[in-house]
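Biologist: Can you walk me through the aromatics, the core and one of the pockets? Start with whatever term I need first.

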Amino acid sequence: MTYNIKKAFAIISLAIFGSVLLYNCEPDPDSLGEQLFLDGAAQGKEVSYPIIAYNIDNKDSIRSDASKLGLATLGAVKDDQFGKQKASYYTQLRLPAYNPDFGTNPSVDSVVLVIKPLYASDSITTTTNEDYVYPDGNVAAKKVVNTYPAVKYGRTKAPKLTIKVNEVTEFLNGPADIAYSNKAYSIGQEIGTKDFTGTVNSVTITKDSDASSLFTSTTGFRIPLSPSFFKTKIIDKKGQPELSDVSNFIRHFKGIKLSVDEDDAYLIQFVPNDMELVMYYKNDKTENGSTTRPQSTYTFSLGSANAHIGNYVYDRAGTPSGTVASGSDLINGDAKLYAQGMGGASIGAKLSNDAIVKLKKLYQNDKAAIISAKIRLYTDGTNWTSQYAKPKNFTIVQRDKDTDGKPTTAFTADLLNLTGSNNFAIYRAYDLDKNPTYYDFTVTKSVKDIVEGNLTDAQIANKYFKIDLGSFLTTTTGSLAGYQYTSTPYTVDRAVFIGSESANAKKAQLIIIYGTK
């Protein structure tokens, strides 16, 4: 199945840095240590050690302003492990030009907001009406509608989402300003609503007489908005300060909010800059003594010049993931890990003192060199058997402290040093079609630096890894945009993993392959 996923930003794309290979075999050595195998120079041995794995509570909040929001999310889902998640979306709009002239005696016929959810472009249903009558002028025409299923996450067979559009009554600031996902902005009257039943469509209407085009639309979902609201808010303000410049306008018409009524259905996503808002209006035109009222269109700008903000509301009461908020065990680790995008929990992973001591002894006494090091995480095959697809995209970063004791974040040493090397991947997924699935995260260079380097015990104690659902973003040239640029703010995935559950054979582990000459 192919999706119409477009670039989220002008500069940053959704590409994953480093390929994610799907294997069903034992881990392979990275190129960092593969020379030890050449010509039988070494025998590889595999050992494993428990990892201190724990939940990192992000307070169900994440930056979700325009600079972070590659995709806008709308809808609601609920399950017994993570509770309820509800996603809404705020956006500003601007006039295409200021001090507009709507002509003589203008009136609004209709207003349409178009959102363009991601959809399966290779699954199409076409319906044709040869006897259609175009209402503006009662023109005999043909109407062709192409329909596609939207990409949905959650209870995909839920009958609908009741999408509501409200006026925003609180200033949203600008597109470069920071905004967080748990911030709710004040709203006013509802100006539109429509049931979304899971599909998007494009429409083409042509005249019967000469096959000329009467109407065409891009693929999307159209929500009718209140003509009287736009008459009062826009048309009636002709020549007044509210429409004179952008600063006045975005304080006069502060924006719109999209939300849903449902609490348990599914999530859909769309590119914020691709939204359309079109006002159809008529005014008097006098020519040769005859007055007519032709229809005109006025298209508002909802693109990158506007603030775009995702709003995510969680209710975890009575659910296992709700225990994250009560505090994680940073000494022994947590038994279960509740990773979730869009402000949910992250996974912390730290080498145990026991593992470090044993690896140092191997290195010092047996001259053992680490050839490969992976953090292995299994999904919970007992409690996480939901209908959700298994996650395929992750990020992993190194957390540390600087000389002043302040927390720092950076790409892992592996990503910085081994990218482009033979057989390197940030992580690999195994058994995605099975239960449980497991994932191996490459930390070879990072572990070698700890075991074979000259770090003090205090320096080692400050180091840990942070794993999130989502992908690192790259620039249009293919280079990393920075460790802080990820798709996590709009990643809908979630999964329960086995953490530091000592009696469980699938507990979080450090898998080491080492060689000795």
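Modeller: A residue counts as buried when its relative accessible area is under 20%. Also keep in mind that this is a predicted model.

Biologist: Fine. Where does F229 fall, buried or exposed?

Modeller: F229 is at 7% relative accessibility, so it counts as buried. F230 is buried as well, with a relative accessible area of 0%.

Biologist: How many aromatic pairs turn up in the whole structure?

Modeller: The search finds 28 aromatic pairs. One of them is F196 with F221, edge-to-face, with 5.0 Å centre to centre and 85° between the planes.

Biologist: Which elements do F196 and F221 sit in?

Modeller: F196 lies in strand 9 (residues 187-196) and F221 in strand 12 (residues 221-225), so the pair ties together parts that are 25 residues apart in sequence. F196 is buried, at a relative accessible area of 0%. F221 counts as buried too, at 7%.

Biologist: And what is the geometry between F229 and F230?

Modeller: They form an edge-to-face pair, 5.4 Å centre to centre, with 75° between the planes. Both belong to one aromatic cluster, along with Y98, F102, F249, F253, Y281, Y298 and F300.

Biologist: Charges over rings: what sits over Y185?

Modeller: The charged end of K183, 5.0 Å from the ring centre. R494 lies over the face of Y388, at 5.2 Å from the ring centre.

Biologist: What does L113 touch?

Modeller: Leaving out residues up to four places away in sequence, L113 touches V165, F221, R222, I223, L225, I256, L258, M275, E276, L277 and L302.

Biologist: Last topic. What is the volume of the second largest pocket?

Modeller: About 680 Å³. It is lined by 29 residues, and S110, V112, F215, R222 and Y280 lie nearest its centre. R222 is also one of the residues that L113 touches.

Biologist: Which strands supply that lining?

Modeller: Strand 4 (104-115), strand 5 (125-134), strand 9, strand 10 (199-207), strand 11 (213-216), strand 12 and strand 15 (276-287) each supply at least two residues. Strands 9 and 12 are the ones that hold F196 and F221.

Conventions. Residues numbered from 1 in each chain as written. Predicted model: local features only at pLDDT ≥ 70, side-chain atom pairs only at ≥ 80, totals over all residues. Heavy atoms only, no water. Phe/Tyr/Trp six-rings, centres within 6.5 Å; stacked < 30°, edge-to-face > 60°. Helix = DSSP H or I, 4+ residues; strand = E, 2+ residues; numbered from the N terminus. Buried < 20%, exposed > 50% of the residue type's maximum accessible area, 1.4 Å probe, protein only. Lys NZ or Arg CZ within 6 Å of the ring centre and 35° of its normal. Contact = heavy atoms within 4.5 Å. 1 Å grid on protein atoms, 1.4 Å probe; cavity = no way out; pocket = protein on both sides within 12 Å on 5 of 7 lines; lining within 4 Å. Points joined across faces, edges and corners; volume = space filled by probe spheres on them.
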